[in-house]
Amino acid sequence: MIELEGLTKRYGEKVAVNNLSFTVRPGIVTGFLGPNGAGKSTTMRMILGLDHPTAGSVRIDGKHYHQLKEPLTYIGALLEAKAWHGGRTAYNHLLCLAQSNGIARSRVREVLETVGLTAVARKKTKGFSMGMGQRLGIAAALLGDPRILMFDEPVNGLDPEGIHWIRTLMKSLAAQGRTVFVSSHLMSEMALTAEHLVVIGQGRLLADTSMADFIARNSRSYVRVRSPQRERMLDVLHQAGIVAVESGDGVLEVDGGKAELVGELAARHGLTLHELSPQQASLEEAFMQLTAESVEYHAHSETSPPPPQQQWGDGWKRG
Amino acid sequence: MSSPQPQMPQAAPSWEAAPGAAHPASGAAHPAPGSPYPGYTSPIPVVRTHLGHAIASEWTKIRSVRSTMWTLGVFVLLVVGIGLLTGVVVSSSSSDLAGENALSLGFFGLLLGSMCIITLGVLTTASEYGTGMIRTTMVACPSRGRVLAAKAIVFFLVAFVVTLVSSSVVAFLHVAMLADNGAKDPTGGEWLKGTVGIALYIALLGLLSLVVGSIIRHSAGAITIMIGTVLAPLVIALFMFSESLEAVRDALFEYSIPNQLSVFYANSLSQSGPSGWDPLWIILGVTAVAFGGAFALLEKRDV
């Protein structure tokens, strides 16, 4: 169990993490979601005692990280890729970590086997591909057979087979009763692995909810209706007790999956339709909406499509 | 160096186990006895860690990178090679050493070789910041002081042993080669200073570099600072022509590291200044102060 309480980190004027409080519980995979620069990695570094919080505290099973005497058997972490000396072999890298925590040599071979790096165990790590690097980082995290596992962007650089493997691994680790805390900036990835979701943006907590709740609340389905007789269409829908929202460009959006109903109503009243299409707002869109206000690095590009259901430029007009 | 590791049962936890297939020793999601925090309990026995574990880890680190072999290899080559060369030149030129002891010829090789020890010392700490390894290290051992202490102990012993062996080899060679050139037989005290003394001094100089590397966190920067520390006072002193600066010039000269090094061979370039075992106490003091600073900074700064 990881407990954050009012965790804050300030770098000079800039607030990287702002009063974060949440709990990561054992037995499930908890997704830690946020756009780039939201403070995910800073939060993880504070959990691991690498960065000192400006305010607040974080406890691991009730203890501060520096109070853990044999931390690798408590919490295993995959930080950013390739946080090691490239001239050292994979085996020696894991060996020096094992020794610092009094873990037996045999365990090094076991974790190498688990992540599938046995064949390159005696090779220098600087020749490793991104995917092999991630696997070595995961091997280091598993070394102490810890109760808590933290992965920072684990699927980065992995091939489809590797991604499938890490998903299965995380789920089985959680099923054994471990606490699994995974950061990502991809909602779609989290939707497949996480049971619980913590979303942050610009260092602030935006959501702390179960995945099921998040999906139920955010996967809105609606029907897009386009007609040259927009006013009459609105009247007809209104009379039928159907709520329609104008979303600009003469497009009407009707909540719920009622495409047939809308089509029949239009036919009955002799209305021309140019478009009648059922739509599903994806979780990715829901996530983007949630974090739109707090995205740090906007790409101001003409070609990037505006997020749906939101006026493009809302943010800067108000700001 | 073997690490103090208890034998552990070979029963491996099965990672690929299907969800729910619990270990014999630990039911899935069973709380640890007496713990208010539920969760997984590993079948692997937990060992209380201490400085010994960190030392074993640092020993693995220092012996498993090529830069260690390179710097120490070049060091031995310089010390023994230059020592042999000066020995051959002096003995064949039939020059008279006029009662000087033969050990003093070892000075040149060690002065150049010290650059290698400085480099290795800096790399021991600073290279971890360059590669990002430091974060992995500090996660594995949250006691930052213990990490620095383990690095210092392992590096100091390696540097001391290698310097002691190389300088002793050169000393024996010189005494044997120059017996016919009027060289005085070194006394016991001179032997001690020319081998153990100089090895302690060079190892401490390396340790100071390690500490500077930990403070600067940048390999090239720290190496530059250390080489500057060794050479700058002597070079600056050379350009102090003005008489009003004579006192400063003499002090720079006498306390420059090359001159302090030569004190161990009793052929100091100046008559005043440090003598006997003074250089050892000076560098011990400086290193201790720097160590204190590095400890404090390590605790205070983010990794």
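The legends below describe several close-up views of a predicted model.

Residues are numbered from 1 along each chain as its sequence is written, and chains are lettered from A, with ligands numbered from 1, in the order in which they are written. Because the model is predicted, local features need pLDDT of at least 70 and side-chain atom pairs count only at pLDDT 80 or more, whereas totals for chains, interfaces and linings use all residues; side-chain values use heavy atoms, with hydrogens and water left out.

**View 1. Chain A as a whole, with its 11 helices and 13 strands.** Helices (H or I, at least four residues) and strands (E, at least two) are DSSP runs, numbered from the N terminus. The C-alpha trace of chain A spans about 80 × 45 × 40 Å along its principal axes. Of the 319 residues of this chain, 54% count as buried, where buried means under 20% relative accessible area, exposed over 50%, and partly exposed in between (1.4 Å probe, protein chains only). Among contacts (heavy atoms within 4.5 Å) between residues of chain A at least 6 apart in sequence, 70% join residues at least 24 apart.

**View 2. Helix H3 of chain A, residues 105-115.** Since 8 of its 11 residues are buried, this helix is largely enclosed by the rest of the structure. Among the buried residues of H3(A) are Arg107(A), Glu110(A) and Leu112(A), and the buried residues of this helix pack against helix H2 (90-100), helix H4 (130-142) and helix H5 (160-175) of chain A. H3(A) is followed by Gly116(A), whose phi is positive, near 80°.

**View 3. Arg230(A) in helix H8 of chain A, residues 230-239.** Arg230(A) is partly exposed, because its relative accessible area is 24%. Leaving aside residues up to four places away in sequence, Arg230(A) touches Glu246(A), Gly250(A) and Leu252(A). Arg230(A) and Gly250(A) are 20 residues apart in sequence, while their C-alpha atoms are 7.0 Å apart in space.

**View 4. The interface of chain B and chain A.** Here 55 residues of chain B are in contact with 57 residues of chain A, and the two chains bury about 4,800 Å² between them, 55% of it on carbon and sulfur atoms. The count between these chains is 2 salt bridges, each defined as a side-chain nitrogen of Lys or Arg within 4 Å of a carboxyl oxygen of Asp or Glu. Lys9(A) forms a salt bridge with Asp302(B), and the closest N and O atoms of this pair are 2.7 Å apart.

Terms used
Buried area = accessible area lost by both parts, 1.4 Å probe.
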